Structure formats: structure tokens, C-alpha cells
Amino acid sequence: MSDQGHRLVLTGASGGLGKAFAAALAPLCSVMILSGRNGAVLQALQQKLQSTYPDLLVRTIVGDLTQPPVQQRLHESCRALSAPIDLLINAAGISDFAAFERQEPAAMERLVMVNLLTPIQVTQRLLPLLKAAPSAQIINIGSIFGYLGHPGFVLYCATKFGLRGFSQALRRELSDTRVAVRYFAPRAVKTDFNSETVSRMNRELHTTEDDPQTVADELVRFLGRRSWDRKLGFPERLYVWLNGLAPAINDQALRKRLTVIRRHLGSPAAAHPSDARSRP
Ligand SMILES: NC(=O)c1ccc[n+]([C@@H]2O[C@H](COP(=O)([O-])OP(=O)(O)OC[C@H]3O[C@@H](n4cnc5c(N)ncnc54)[C@H](OP(=O)(O)O)[C@@H]3O)[C@@H](O)[C@H]2O)c1
């Protein structure tokens with residue numbers, strides 16, 4: 001095993017973006033600890049990475065990361081390394097496309113747990129190890145919807161806004177340490193995260209969906225830069241800018257889209273497909 005390169009923890013590694021992140025980051029890493037629920041997908045990814053990079057050490061942590069024993073296993077796997085981890089990427093997440101009024105309390109709790117509380121808990125557990133590295137980064141995978149409230153994604157937006165607030169506050173709290181906390185915000189991406197209904201709506205609203213590979217390449221570039229956050233896509237970056245400057249313009253634009261959004265919200269397959277898909 002080489003001593004050069006990052007010692008990475010990647011959550012959500014079995015997902016559409018996670019697999020692309022792992023493949024793009026592998027040449028920059030000496031150790032990768034990959035977490036997800038789908039053991040078969042993680043094992044296939046581990047084999048592929050190790051056969052391509054024989055010097056790379058790849059470990060997998062399979063299980064529901066909202067569960068403390070799974071978080072504990074992740075922590076132990078990191079502690080067992082000969083050198084401290086220096087890169088934590090919190091990418092695990094679930095989607096949610098639903099009318100707020102009709103959302104079930106259990107689905108709301110699950111969304112907040114997976115998308116917000118779990119990355120916070122994982123970060124807290126791993127922080128002492130990250131602080132022991134000569135320099136370290138925590139990159140939270142947020143979303144353009146962490147800057148821009150959008151109808152049909154009310155709770156999802158709340159979790160991604162929350163994750164951005166957490167990232168910014170922790171970045172400032174750790175500003176006298178060697179740990180940088182950063183926020184990386186893709187726009188829509190072509191993965192199973194988005195249900196057929198959401199992708200159909202995106203096409204109708206002319207919302208671009210990026211390829212996971214493009215997003216992974218952007219993440220690698222972001223890793224080498226100093227800016228604290230990164231928003232992907234145009235016109236999405238313009239909408240975010242406008243949202244700060246003149247939110248009424250976005251209010252009006254989204255009001256005009258409400259009829260289309262409401263029609264797609266009426267589809268029975270609209271709500272939180274990614275969690276239903278992969279929960280064991
Ligand atoms: N795709 C998009 O349009 C988009 C846009 C902006 C931001 N993002 C963000 O990017 C991240 C990755 O999205 P993606 O497109 O790769 O989604 P995805 O293909 O649905 O993958 C989600 C990943 O999260 C893992 N996960 C979900 N719940 C978990 C839990 N309770 N415990 C452990 N792992 C769990 C999944 O594990 P298993 O599959 O093994 O169950 C999978 O690895 C998310 O945070 C998402 O919010 C996505």
C-alpha cells in the first residue's frame with residue numbers, strides 16, 4: 001500500500017454518484033473506505049478498484065448508516081488504519097418528490113435522518129481522526145436545492161439547506177485547525193436517485209440532468225481548489241445568485257411552473273423512490 005494519496009471515507013459509494021466519485025478519486029487515494037447498504041454493489045466496486053489499482057487498499061462498510069452500530073463499524077475501520085483518514089465525503093442521501101401537505105411523518109423523519117442528521121453524526125465521530133491528519137477535508141454533498149427552495153422538494157430542500165448551514169458553521173468553528181469543511185452542490189444528475197416521474201418533469205421543464213462522470217470530474221477539480229463551496233451548472237448558478245439578490249424573480253418564475261410540478265406530483269410513483277428502491 002502506498003503512503004501517498006488520500007485516505008478517504010466515502011458514504012453513498014454504492015449510488016450513481018458514489019460509484020463515479022470512487023472511480024474518479026481512486027488514482028488520488030491510498031486508502032478508500034466505502035459505505036453503502038447494497039453489499040453486492042460495494043463488493044463489485046471494491047474488486048474493480050483493486051484490480052485497477054493494486055496498491056490501493058479498499059474496505060467496505062455495508063449497512064444502514066443511520067444506525068449507530070454501522071457508524072461505529074465505520075469509525076473502527078478508520079481507527080484501524082496505520083495513518084489517519086484525511087478526506088471524508090458525505091454523499092449518502094435519499095430523494096423526496098412529494099407535496100408537503102401529503103407527506104407522511106415517518107417519511108419526513110427518515111429524510112431528515114438520512115440527509116442531515118446522519119452526515120452530522122458521522123462527521124462528529126470521525127472528526128478526531130481527521131484532526132490527527134496533517135491536513136484534512138470534509139466535503140458534504142449538498143445540492144443546488146441547498147440554495148434554492150423548490151416546490152415539490154420542500155423537505156429535501158430543508159435537509160440540503162441544513163447541511164449547508166452545518167458545513168458553513170463547522171468550517172468557521174474549525175478555522176483554526178487543519179480541517180476544512182466544504183459544500184459541493186450538483187444540479188440534477190442522471191442516477192436512480194430521480195424517479196421516472198422526476199426525470200419526465202425535468203424534461204418538460206427543460207431542467208438539465210448531468211452525467212455522474214461530469215459531476216465526479218468537477219469534484220476532483222474542487223478537491224484541489226480553495227473555495228469553500230461549489231455550485232454546478234448554468235443557469236442554476238444564476239438562479240442561486242438571483243435568489244440572494246432578488247428572490248421575487250425566482251418566486252415568479254417558479255410560480256409559473258407550479259401547474260406542471262403539481263401535475264407530476266399527482267403521479268403515484270412520485271414520492272421518495274431512492275429510499276424505497278434500496279432499503280434492505
Ligand atoms: N442525483 C441527483 O439528481 C442529485 C442532485 C443533487 C445532489 N444529489 C446528492 O448526491 C448524493 C448522491 O446521490 P445519487 O444520485 O448518487 O443517489 P443514489 O444513486 O440514489 O445513491 C444514494 C446513495 O446513498 C446511500 N444511502 C441512502 N440511504 C442510506 C442509508 N440509510 N445508509 C447508508 N447509505 C445510504 C445509497 O446506498 P444503497 O444504494 O447501497 O442503498 C447509495 O449509495 C445525495 O446526497 C444526493 O442528495 C443528487
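Me: A helix here is a DSSP run of H or I with at least four residues, numbered from the N terminus. In which helix does G244 lie?

Reply: This is a predicted model, and in it G244 lies in helix 8, the run of residues 236-245.

Me: What makes G244 count as exposed?

Reply: The relative accessible area of G244 is 64%, and since exposed means over 50%, G244 is exposed.

Me: Why is W228 counted as buried?

Reply: The cut-off for buried is under 20% relative accessible area, and W228, at 17%, therefore counts as buried. W228 is found in the loop between helix 7 and strand 7. Leaving aside residues up to four places away in sequence, W228 touches R164, S167, Q168, R171, V181, R182, Y183 and F222.

Me: How do you know that H206 and D55 are exposed?

Reply: H206 has a relative accessible area of 72% and D55 one of 52%; because exposed begins over 50%, H206 is exposed, and D55 is exposed as well. H206 belongs to the loop between helix 6 (196-204) and helix 7 (212-223), whereas D55 is found in the loop between helix 2 (39-52) and strand 3.

Me: What kind of peptide bond joins F234 to P235?

Reply: The bond from F234 to P235 is cis, with omega near 20 degrees. Most peptide bonds are trans. P235 has its place in the loop between strand 7 (229-231) and helix 8.

Me: How do you know that the span of helix 3 is close to what is expected?

Reply: Helix 3 (residues 68-79) has twelve residues and reaches 16 Å from its first C-alpha to its last. The expected span is 1.5 Å times one less than the number of residues, which for helix 3 is given as 16 Å, so the span is close to the expected value.

Me: Which residues of helix 3 are buried, and what puts them on the same side?

Reply: The buried residues are V70, Q71, L74, H75, S77 and C78. Their directions around the axis cover an arc of only 160 degrees, and therefore they lie on the same side of helix 3. On the other side of helix 3, P69 and R79 are exposed. The buried residues are covered by elements that include strand 1 (6-10), strand 2 (29-36), strand 3 (57-62) and helix 4 (105-131).

Me: How many aromatic pairs does the structure hold, and why is the pair of F145 and F153 called tilted?

Reply: There are seven aromatic pairs. The ring centres of F145 and F153 are 5.1 Å apart, which is within the 6.5 Å that a pair needs. Their planes stand at 50 degrees, and because stacked needs under 30 and edge-to-face over 60, the pair is tilted. Both F145 and F153 are buried.

Me: What makes the pair of Y147 and Y183 edge-to-face?

Reply: The centres of Y147 and Y183 are 5.7 Å apart, with 70 degrees between the planes, and since edge-to-face means over 60, the pair is edge-to-face. This pair links distant parts of the chain, 36 residues apart, with Y147 in the loop between strand 5 (136-141) and helix 5 (154-173) and Y183 in strand 6 (residues 179-185). Y147 and Y183 are both buried.

Me: How many helices and strands are in the protein chain, and why is the protein chain as compact as a globular protein of its length?

Reply: The protein chain has ten helices and seven strands. Its radius of gyration is 19 Å, and the globule rule gives 19 Å for 280 residues, so the protein chain is as compact as a globular protein of that length. Of these 280 residues, 51% count as buried.

Note on methods:
Residues numbered from 1 in each chain as written. Predicted model: local features only at pLDDT ≥ 70, side-chain atom pairs only at ≥ 80, totals over all residues. Heavy atoms only, no water. Helix = DSSP H or I, 4+ residues; strand = E, 2+ residues; numbered from the N terminus. Buried < 20%, exposed > 50% of the residue type's maximum accessible area, 1.4 Å probe, protein only. Arc of directions from axis to C-beta. Contact = heavy atoms within 4.5 Å. Phe/Tyr/Trp six-rings, centres within 6.5 Å; stacked < 30°, edge-to-face > 60°. Rg over C-alpha atoms; globule rule 2.2 N^0.38 Å.
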